[in-house]
Amino acid sequence: MDAELLVVGGAVRTGDPDRPVSDALAVAAGRVVALGERARAMRSSRTELIDLDGGALLPSFGDGHVHPLMGGLGLRGASIRDCGSVDDVLREVRRWADENPEAGCVFGDGVSPTLAEGGRFEATWLDSVVPDRPVVLRTMDHHTAWVNSAALRRAGLSRDTPDPAGGEIVRTADGELLGTLREWGAINPVLALVPDASLDDRVDALATVSTMLAAAGITWVQDAWTELDDVEVWLTAADRGRLSTRANLAFRATPESWEADREAFALARRKVEERGGDAVRAGTVKFFADGVIEAGTAALLAPYTDCPHSHGISNWTTDELSRASAEVDRLGFQIHIHAIGDAGVRMALDAIEHVDRSNGSRDRRATIAHLQLVDGDDLDRFTSLGAVANFQPLWAQLDALMTELTIPRIGDDRGAQQYRIGTLTERGARVAFGSDWPITAYEPIKGIATAIHRQTPSGIPTEGWLPGERVGLERALAAYSAGVAYQGFEENLWGCLRPGMRADMIQLPVDPYDLSSAQALSELAVTRTWLGGKQVH
């Protein structure tokens, strides 16, 4: 057999503990077929030769929790993500509104919740620049919306509107609506004001993001929030050859509709099986156990330090989440649960344990994402239940979000127990990484570097934040490749570069094992990405 592609001239970091490094790799028919001397012996006149020029070849990355379509659509509106102040946001909102006079609603995605004290944004600020039509801005965590008075009126919200189930309408001291809405029960009425994009526009948005992700070295994604009408977008993009990454879709289940939606989930999965081919599958159901600490909506075992009457918001009761999880598990779906607070994590683990008892023990790889706070009594349950711990490593740093909102809300003691990546790894839990983009940056290299040094980009603190929770380069790389492949039941397909595996791989300009610091690693850019031996970046 002749090699279609031969990679030489640098370190081939396979990710395979039996043969962690080689100096050559051959590809044929989309698969790795040989390493080292055997690979070089397969070169022919038809073989494409790639010279690493002293760099490295690694397994490609996966993203175990990301929102490609949602993030792509969020790029359409006002560009508020990089605004550094409320005034900057208002200028950008005014600019976009002036340039889009036909838009019935002004919208934007990704405003930092740290721009307003306590994350409390006022409608009157937006009224000053756009008083005549709704303005709906989502914060970067997607659990808070900042809206103007026109949006509140159009959505039918007033001072007489009670807080809905699973949501909070933030009010002034005299009971008027402030302009800040937290969690989906409160946010959904204003999100309904944002106009829907056409199918072609949605496919374009998804294709743009797929190209972005491939450029960062990502070849597989877990879309962690798929609505039923998103399925056609994914399948159309695949039909048109516009995906540079493979994907697994996770249908969102809610307490209000999961029973009625079960059949629709199964029908949508069948549709994906018929049309998705190798590019798209739909094997997962997503649950939101709670919210986020910054908004005071993550579910905590003990009250919030800054709000002693509140334990946050649990979107489900433990019994109902357990019952819903068991039912979707019986349909053969994988369970994927958003859980931020320690009470939310416990609820998720209790639900997974209930599924095991109800449906019998099997290799189900239920996944819990985010895991900002995990109570000490629950740490070993990940291993005993076989649950995958999906972390967003880029969050494990002392940035403004952490110092201005999170730690003041939960106090120093709990603040020192966050993102216990090292602890769960040492205890034998299956750990996978994801970005949660568009919440934060999608580039795995940045997350890997942060998992290693747990510092801000400016190097604070010098010894790393909670240094006992750092992990080394090998484990960090594996969590963003083999760990995600395992989460996706694809560890025999990709995630390492051994003969027989898909040639899903990336080229880096230098060998990361030769770098003097993790900060230097965070500055690397992926040179090439291959998906099944085809160069997609």
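The following conversation treats helices, a sheet and salt bridges in turn.

Visitor: What kind of model is this, and how are residues numbered?
Guide: This is a predicted model, in which local features need pLDDT of at least 70 and side-chain atom pairs count only at pLDDT 80 or more, while totals for chains, interfaces and linings use all residues. Side-chain values use heavy atoms, with hydrogens and water left out, and residues are numbered along each chain as its sequence is written, from 1.

Visitor: How far apart are the ends of helix 7?
Guide: Helices (H or I, at least four residues) and strands (E, at least two) are DSSP runs, numbered from the N terminus. Helix 7 covers residues 199–215, which is 17 residues. The expected span of a helix is 1.5 Å times one less than its number of residues. For helix 7 the expected value is 24 Å, and the distance from its first C-alpha to its last is close to it, at 24 Å.

Visitor: Which residue just after helix 7 takes a positive phi?
Guide: The phi angle there is about 95°. The residue is Gly-217.

Visitor: Where does helix 13 have its kink?
Guide: Helix 13 has 16 residues (400–415), yet its end C-alpha atoms are only 14 Å apart, short of the 22 Å that a straight helix would reach. The bend at a residue is the angle between axes fitted to the seven residues ending there and the seven starting there. In helix 13 the kink is about 90° and comes shortly before the proline Pro-408, at Ile-407.

Visitor: Against which strand do the buried residues of helix 13 pack?
Guide: Buried means under 20% relative accessible area, exposed over 50%, and partly exposed in between (1.4 Å probe, protein chains only). The buried residues of helix 13 include Leu-401, Leu-405 and Ile-407. With contact taken as heavy atoms within 4.5 Å, the buried residues of this helix pack against strand 11 (177–182).

Visitor: Which strands form the edges of the open sheet of five strands?
Guide: The sheet has mixed pairing and the order 7-8-9-11-10. Two strands pair if DSSP finds at least two bridges between them. Each edge strand pairs on one side only, and these are strand 7 (106–111) and strand 10 (168–171).

Visitor: What is the bridge partner of Val-136 in strand 9?
Guide: Strand 8 (residues 135–139) and strand 9 (residues 144–147) are paired over three bridges in the antiparallel sense. In strand 9, Val-136 has as its partner Val-147.

Visitor: How many residues apart in sequence are the parts that Arg-13 and Asp-511 tie together?
Guide: A salt bridge is a side-chain nitrogen of Lys or Arg within 4 Å of a carboxyl oxygen of Asp or Glu. The side chains of Arg-13 and Asp-511 form one at 2.8 Å, N to O. Because Arg-13 lies in strand 1 and Asp-511 in the loop between strand 19 and helix 18, the pair joins parts separated in sequence by 498 residues.

Visitor: Is Asp-511 buried or exposed?
Guide: The relative accessibility of Asp-511 is 5%. Asp-511 therefore counts as buried.
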